[in-house]
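Student: Hi! I'm new to this structure and would like to talk it through with you. Can we start with a loop and work outwards?

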Amino acid sequence: MSKNEEYKNGELTMDQHTAMKMSTGYLLSRAGRIIHEKFEKAIEPMGIRARHFGLLINLRSYGSLSQSEAAQKMSIDKSTIVAIVDDLEKWHLVERKRNAKDRRLYDLTLTEEGIKKLHDVINFV
């Protein structure tokens with residue numbers, strides 16, 4: 001019997017550590033983290049991070065989005081989307097404009113430079 005196994009009520013059981021390592025949710029989460037780290041390293045020479053790429057690809061896929069809609073589609077909080085948009089706007093990849101119908105909202109659109117950067121990153125990886 002290995003150190004990760006024990007008998008309980010006459011049946012072979014796994015210790016908690018081994019059970020966690022075999023959990024589908026844990027394994028998927030771990031795989032996601034590894035893929036994210038590899039993607040970050042792959043696009044680092046392009047001068048952007050995965051979170052920037054995520055917003056660029058969402059804007060290309062859905063067209064103009066409000067900051068709130070973008071945050072929702074990316075499953076991130078509103079303060080995080082502001083930081084991402086600040087970066088992309090500074091790099092002239094995204095344009096942020098007040099919503100014509102609701103001045104409390106900002107609409108995001110890709111610039112021509114943003115479209116080019118997105119295509120460059122896709123072709124790079």
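Student: Where is Ser 75 placed?
Tutor: Ser 75 is in the loop between α4 and α5. Keep in mind that this is a predicted model.

Student: Is Ser 75 buried or exposed?
Tutor: Exposed, because its relative accessibility is 67% and the cut-off for exposed is over 50%.

Student: What about the phi of Ser 75?
Tutor: That phi is positive, about 55°, although Ser 75 is not a glycine. As background, most residues other than glycine have a negative phi.

Student: Which other positive phi values could I look at?
Tutor: One of them belongs to His 92, another residue that is not glycine, with phi near 65°. His 92 lies in the loop between α5 and β4, which covers residues 94–98. A glycine example is Gly 63, which follows α3 and has a positive phi near 80°.

Student: OK, stepping back. How many helices and strands does the chain have?
Tutor: There are six helices and five strands. Starting at the N terminus, their order is β-β-α-α-α-β-α-α-β-β-α.

Student: And how much of the chain is buried?
Tutor: Of its 125 residues, 29% count as buried. The accessible surface is about 8,800 Å², and carbon and sulfur atoms account for 51% of that.

Student: What share of the contacts join residues at least 24 apart?
Tutor: If you take contacts between residues at least 6 apart in sequence, 43% of them join residues at least 24 apart.

Student: Let's go inside. Which residues of the largest nonpolar core touch the most other members?
Tutor: Those are Leu 55, Leu 56, Leu 59, Ile 81, Leu 88, Val 94 and Leu 108, out of 22 residues in that core. The elements giving two or more residues to this core are α3, α4 (67–74), α5 (78–90), β5 (106–110) and α6 (112–124). In general, nonpolar side chains in soluble globular proteins tend to be buried together.

Student: What does Val 94 touch, leaving out residues up to four places away in sequence?
Tutor: With those left out, Val 94 touches Leu 56, Leu 59, Leu 88, Glu 89, Leu 108, Thr 109, Leu 110 and Thr 111.

Student: Thr 111 is on that list, so where is it?
Tutor: Thr 111 is in the loop between β5 and α6. Its relative accessible area is 19%, so it is buried, as the cut-off is under 20%.

Student: Now α3. How many residues does it have?
Tutor: α3 has 13 residues, and it reaches 18 Å from its first C-alpha to its last, close to the 18 Å expected. Its buried residues are Ala 50, His 52, Phe 53, Gly 54, Leu 55, Leu 56, Asn 58 and Leu 59.

Student: What does Ala 50 touch, apart from residues up to four places away?
Tutor: Ala 50 touches His 36, Phe 39, Glu 40 and Ile 43. Ala 50 counts as buried, with 13% relative accessibility.

Student: How many aromatic pairs turn up in the whole structure?
Tutor: The search finds one aromatic pair. Its rings belong to Phe 39 and Phe 53, with centres 5.3 Å apart and planes at 65°, so the pair is edge-to-face. It links distant parts of the chain, with Phe 39 in helix α2 (residues 24–43) and Phe 53 in helix α3 (residues 50–62), 14 residues apart.

Student: Last one: what sits over the ring of Tyr 62?
Tutor: The charged end of Lys 73 does, 4.1 Å from the centre of that ring.

How values were computed. Residues numbered from 1 in each chain as written. Predicted model: local features only at pLDDT ≥ 70, side-chain atom pairs only at ≥ 80, totals over all residues. Heavy atoms only, no water. Phe/Tyr/Trp six-rings, centres within 6.5 Å; stacked < 30°, edge-to-face > 60°. Helix = DSSP H or I, 4+ residues; strand = E, 2+ residues; numbered from the N terminus. Lys NZ or Arg CZ within 6 Å of the ring centre and 35° of its normal. Buried < 20%, exposed > 50% of the residue type's maximum accessible area, 1.4 Å probe, protein only. Contact = heavy atoms within 4.5 Å. Areas by Shrake-Rupley, 256 points an atom, 1.4 Å probe, with all protein chains shown as cover. Core = buried A, V, L, I, M, F, W, Y, C linked by side-chain atoms within 4.5 Å. Expected span 1.5 Å × (residues − 1).
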